[in-house]
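Dear colleague,

Please find below the structure that I am handing over to you. A short account of the findings follows it.

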Amino acid sequence: MHDIIHLLPDHVANQIAAGEVIQRPASVLKELVENAIDAEATLIQVILKDAGRTLIQVIDNGKGMSETDVRMAFERHATSKIQDASDLFALHTMGFRGEALASIAAVAQIEVHTRREEDELGSLIAISGSHLEKQEVISCPKGTVFFVKNLFFNVPARRKFLKSNETELRQLIMELTRIALVYPQLQFTLHHNDTELLRLMPSNHRQRIGQLFPSRNHSTQHQLLPISAETSMVSISGYVGTPETSVRNPNQFFFVNGRYMRHPYFHKAVMQAYEGMIASPLSPSYFIYFEIDPATIDVNIHPTKTEIKFEHEPAVWSILLAAVKESLSKSHAIPSIEFDQ
Ligand code: ADP
Ligand code: MG
């Protein structure tokens, strides 16, 4: 018998990897917008067609890429963001795995226009199902435009797995919302089938929350109380809703070191702080940001994984509970902050 083991060709390996990183249009949006932020863009524009099925376009005014870099960017494990494993413990960027673009390119038709400030001319590159179709010199503004067309055109099973346009669009908006809540200083726009859905001007955290969740009436609906806790272990900041503004579908967000996370256990700490003040099924809105030594959380975060393990979870839980309680008790003494100002 002859030997039977062989290495998979790159385009096959990329398509398999893509299955993990790119599950739906919202995953593409997340990766492209995070890359734009890592490229120090201050204005990021997203244009969608058919809930991202036929087009996800992201325009940024960031650093751009050289002719060689834009080709390299699509190789698997190609990144400009880390050098070795120790960098993982001091990440200053959203990306670091170098697999997003290779994955997207494996399952879509991509065109990129990019130019660095110092270059007179930019580059255009077109890749379809991991195959380089063309690369040429073009003139274009500083920054980068990604066109991701016909997602999963070569993976019918994945395409079928997508939900209704309404559901996919909701996920797309939610993905951008999570990012926009972390970067209020950046300007974002979102268009879908020629309709403007979001236009977020540079602001601070509190204003950004108001831009994303405008109050339906001007009574108490969107009153938010600032919370803060500063310890050697963790620093917590953000806003929580007053008990009276609790609703059935509240906006509840946790972020750690600039990334959205789900954390059912910390959620319980927040709910406990409201004990006796609200009755289910009502629940308060909250926007809570943790800053913590990256060495004390699970660093090698999978791109699609939003549940994050903390090393000192019970201690952080107690600090969070105390912070929310303190802000709720103060709320009776001082007037709380209104949205939309
Ligand atoms: P990662 O973000 O993990 O490094 P990606 O596959 O997302 O991996 O991107 C690969 C590389 O392409 C990045 O490290 C970066 O150098 C470059 N890149 C991607 N998007 C942009 C962009 N919008 N502007 C400038 N460079 C970019
Ligand atoms: Mg990336």
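For the helix packing described below, axes are lines fitted to C-alpha atoms, for helices over the stretch in contact, and angles run from 0 to 180 degrees between N-to-C directions. Please note that this is a predicted model.

I begin with the overall architecture. The protein chain contains 9 helices and 13 strands. Its C-alpha trace extends over about 70 × 55 × 45 Å along the principal axes. Among contacts in the protein chain with a separation of 6 or more, 68% are between residues 24 or more positions apart.

I turn now to one pair of helices. The axes of helix α8 (residues 264-273) and helix α9 (residues 313-330) come within 8 Å of each other, crossing at roughly 30 degrees. Because of this angle, α8 is roughly parallel to α9. The two helices form a right-handed crossing. On the α8 side, the contact is made by Tyr265, Phe266, Ala269, Val270, Gln272 and Ala273. On the α9 side, Glu313, Trp317, Leu320, Leu321, Val324, Lys325 and Leu328 take part. By residue class, the contact of α8 with α9 comprises 10 nonpolar, 1 polar and 2 charged residues.

With kind regards

Notes
Residues numbered from 1 in each chain as written. Chains lettered and ligands numbered in written order. Predicted model: local features only at pLDDT ≥ 70, side-chain atom pairs only at ≥ 80, totals over all residues. Helix = DSSP H or I, 4+ residues; strand = E, 2+ residues; numbered from the N terminus. Contact = placed C-beta atoms within 7 Å. Parallel < 35°, antiparallel > 145°, perpendicular 65-115°, else oblique. Left-handed = near helix turned anticlockwise from the far one by under 90°. Nonpolar A, V, L, I, M, F, W, Y, C, P; charged D, E, K, R; others polar.
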